[in-house]
Amino acid sequence: MTYQPKSDFLQVMHERGFVAGCTDLEGLDDRLRAGTVPAYIGYDATARSLHVGHLLNIMMLRWLQKTGHRPITLMGGGTTKVGDPSFRSDERPLLGPDQIQANIDGMQGVFAKYLDYEDGNRSALMLNNAEWLDGLNYLEFLRDIGRHFSVNRMLSFESVKSRIDREQSLSFLEFNYMILQAYDFLELNRRYGCVLQMGGSDQWGNIVNGIDLTRRVADTAIFGLTTPLLTTSDGRKMGKSQGGAVWLNADMLSPYGFWQFWRNTTDADVGRFALLYTELPVDECHRLGALQGSEINEAKAILANEVTALCHGPDAAAAAHATAREVFEKGGVGDELPTLSLPRSEAANGISVVQLIVRAGLAKSGKEAKRLIAEGGARLDDAAVTDPGQMVDAAALPVKLSAGRKRHALVTLEDRP
């Protein structure tokens with residue numbers, strides 16, 4: 001980026017590495033300096049929790065509000081019924097209205113931890129695009145909105161073109177998604193004066209469509225800002241762990257499991273992730289990223305504490321850190337470890353260690369659990385497991401179950417029989 005932003009928000013975005021592209025950087029910078037800017041990011045309700053992959057743009061909204069502007073979190077109650085085809089190889093499973101609403105209910109709680117929805121004229125807004133999409137008249141929509149879209153141009157966007165080039169089917173339903181998302185921007189501009197859409201760089205085509213539509217229909221100057229699509233330094237997609245998605249809801253991933261994900265950050269990513277996912281000063285982020293040897297482990301703990309405190313609260317972060325010290329430094333069993341509770345009736349006759357490893361989430365299958373044992377990576381209370389046929393009965397519980405050096409779970413007995 002050769003242009004040096006002057007607005008507080010874009011300075012933060014630039015210094016911390018958030019910016020991948022902008023439709024008009026200087027124009028947006030001027031608009032941000034002229035007064036409060038309402039800006040939105042959309043979230044389709046495809047699961048009942050957001051995951052770590054969403055954290056980057058949630059942090060963008062947080063910084064937007066901290067620098068004096070108005071964030072809008074747009075729930076995709078309408079667009080989820082269609083499904084975003086961007087860079088997918090197949091069509092998303094269609095969800096019913098009840099499941100979509102349940103997912104929205106599950107997602108909404110996370111935002112209140114990052115944004116202030118009671119902050120006067122820059123209060124965050126929580127909206128649902130079903131409010132305007134569900135009632136659309138199809139023929140009127142085609143006539144008034146559809147005529148502004150060129151199919152030739154839509155086919156040229158990389159998110160669609162890559163699917164067609166691979167000769168993978170793209171349904172007419174999915175093809176409509178980019179029109180509906182563009183219409184969201186128009187409606188938000190009309191209703192709330194929204195002039196900025198933000199999102200990952202995979203959303204560039206959808207964002208540009210919304211800008212073009214709003215300029216054509218409302219003759220309004222609006223903007224798009226995208227973030228890089230992050231991968232870890234070893235090439236993995238950000239937000240994925242060995243156990244799958246890293247969820248933000250505590251009932252889907254414990255605060256300890258969330259803390260541990262960040263503690264396991266590779267050395268090369270510590271400084272970059274501190275810039276993106278914490279509010280630590282920029283100089284401190286660079287200092288942490290430059291540490292080496294045993295000191296980098298302390299930097300990882302600081303990273304984990306800061307990110308977990310934002311998502312789950314300072315108390316949860318402190319408890320997770322204490323549990324980690326108990327597990328790794330003292331070899332003990334911490335109270336905040338992910339826990340598998342077995343009914344006494346089930347444990348009375350014993351249960352195989354392979355089943356325990358799978359049910360505790362330390363392996364995806366019995367085959368993977370057996371391979372873990374064969375490679376010497378499985379332990380019960382820090383004693384190596386060598387026999388995949390080993391049984392664990394009620395008398396042995398509670399027990400700490402480990403997969404490698406960094407992944408642990410606690411197996412206990414339920415109070416009920």
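A residue is called buried when its relative accessible area is under 20%, exposed when that area is over 50%, and partly exposed in between, using a 1.4 Å probe and protein chains only. By this rule T308 is buried, with a relative accessible area of 0%. This is a predicted model, in which local features need pLDDT of at least 70 and side-chain atom pairs count only at pLDDT 80 or more, while totals for chains, interfaces and linings use all residues. Residues are numbered from 1 along each chain as its sequence is written, and side-chain values use heavy atoms, leaving out hydrogens and water.

T308 belongs to helix α15 (residues 295-312), where helices (H or I, at least four residues) and strands (E, at least two) are DSSP runs numbered from the N terminus. Apart from neighbours within four places in sequence, T308 is in contact (heavy atoms within 4.5 Å) with P255, F258, W259, G313, A316 and A317.

Strand β14 (residues 399-403) has 5 of its 5 residues buried, so the strand is largely enclosed by the rest of the structure. V399, L401 and A403 point one way from β14, and K400 and S402 point the other way.

| Strands | Sense | Bridges |
|---|---|---|
| β11 (residues 378-380) and β14 | antiparallel | 3 bridges |
| β3 (residues 70-76) and β4 | parallel | 4 bridges |

Within these pairs, L380 stands opposite L401 in β14, and L74 stands opposite L127 in β4.

Definitions and conventions. Pairing = 2+ DSSP bridges.
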